[in-house]
Amino acid sequence: LGIKSADVIGVSLGGMIAQHLAADYPEVVKKLVLVVTAARKNQYTQSAVSGWIEMAKRGDYRKLMIDSYKKMYTKEFLEKNHWLLKIAGKIGKPKSFEKFITMGYACLYHDAYEKLEKIQAPTLVIGGALDRTLGGKASVEIAERIPNAELKMYAEYGHALYDEAKDFNQVVLEFLQK
């Protein structure tokens with residue numbers, strides 16, 4: 001693509017990938033934004049992702065979607081958007097769960113914890129204290145390991161804070177523009 005360097009934003013599994021990119025290729029990443037991600041497996045990751053992998057192996061798409069919505073979104077959001085749970089698993093079912101299972105295992109075996117201190121790019125870590133997918137403390141751990149990283153924690157949101165927090169895009173944009 002001819003891109004010599006770029007600002008990188010990684011969300012969830014994309015954030016895990018972005019950690020390796022920024023640590024291994026510091027000359028490529030100008031600024032880094034890590035959103036609801038983790039440096040390594042923890043109790044939340046183990047529980048949520050292992051459960052989703054098992055549901056995918058059984059082909060239980062409806063249960064997988066309902067469980068993921070319940071773990072990613074706040075109770076208030078789901079109450080306001082109750083139709084999501086009604087249609088969960090009824091549309092968009094993949095022909096194969098192979099890619100989902102592979103990505104699930106990538107989350108479970110991801111470990112960039114020791115690499116984080118090698119990240120040189122100005123970094124913003126955004127987490128949700130109510131994250132039932134990767135755990136809110138995962139964001140705190142990342143911010144503590146990356147030199148001079150900024151941390152923005154949303155006390156009232158979980159894993160899908162990028163959908164729920166009205167100021168999310170503005171927070172990211174302001175960081176990238178400064």
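1. A word on terms before the surface: a residue is called buried under 20% relative accessible area, exposed over 50%, and partly exposed in between. W83 has a relative accessibility of 45%, so W83 counts as partly exposed. Please keep in mind throughout that this is a predicted model.

2. W83 is found in helix α5, which covers residues 83-87. Together with I87 and I91, W83 makes a nonpolar surface patch of about 310 Å².

3. On to charges. Side chains of opposite charge can pair when their charged atoms come close. The count here comes to 7 salt bridges. One of them joins the side chains of E141 and R40, at 2.7 Å from N to O. E141 lies in helix α7 (residues 136-145) and R40 in the loop between β2 (29-35) and α2 (43-58), so this pair ties together parts that are 101 residues apart in sequence. R40 is partly exposed, at 31% relative accessible area.

4. Because they are 3 residues apart in helix α2, E54 and K57 are separated by about one helical turn. Both ends are partly exposed, E54 with a relative accessible area of 39% and K57 with 48%.

5. E117 and R145 also meet through their side chains in a salt bridge, at 3.5 Å from N to O. E117 sits in the loop between α6 (98-109) and β3 (123-128), and R145 in helix α7, so the pair links parts that are 28 residues apart in sequence. Salt bridges with shared partners join E114, E117 and R145 into one network.

6. What classes make up the lining of the largest pocket? The residues divide into 10 nonpolar, 4 polar and no charged.

7. The second largest pocket has about 200 Å³ of space. Among its 16 lining residues, N42, Y44, G135, K137 and A138 are the closest to the centre. The largest share of this lining, 4 residues, comes from α7. By class, the second largest pocket is lined by 6 nonpolar, 4 polar and 6 charged residues.

Note on methods
Residues are numbered from 1 along each chain as its sequence is written. This is a predicted model: local features need pLDDT of at least 70, side-chain atom pairs count only at pLDDT 80 or more; totals for chains, interfaces and linings use all residues. Side-chain values use heavy atoms; hydrogens and water are left out. Patches are made of residues with over 30% relative accessible area and no salt bridge: like charges are joined within 9 Å, nonpolar side chains (Val, Leu, Ile, Met, Phe, Trp, Tyr) within 5 Å. Accessible areas come from the Shrake-Rupley method with a 1.4 Å probe; for residues, only the protein chains shown count as cover. A salt bridge is a side-chain nitrogen of Lys or Arg within 4 Å of a carboxyl oxygen of Asp or Glu. Helices (H or I, at least four residues) and strands (E, at least two) are DSSP runs, numbered from the N terminus. Buried means under 20% relative accessible area, exposed over 50%, partly exposed in between (1.4 Å probe, protein chains only). Ala, Val, Leu, Ile, Met, Phe, Trp, Tyr, Cys and Pro count as nonpolar, Asp, Glu, Lys and Arg as charged, and the others, Gly among them, as polar. On a 1 Å grid over the protein atoms alone, a cavity is a set of points where a 1.4 Å probe fits but cannot get out, and a pocket is an open set with protein on both sides within 12 Å along at least five of seven lines; lining residues have an atom within 4 Å of a point. Grid points are joined across faces, edges and corners, and a volume is the space filled by probe spheres set on the points.
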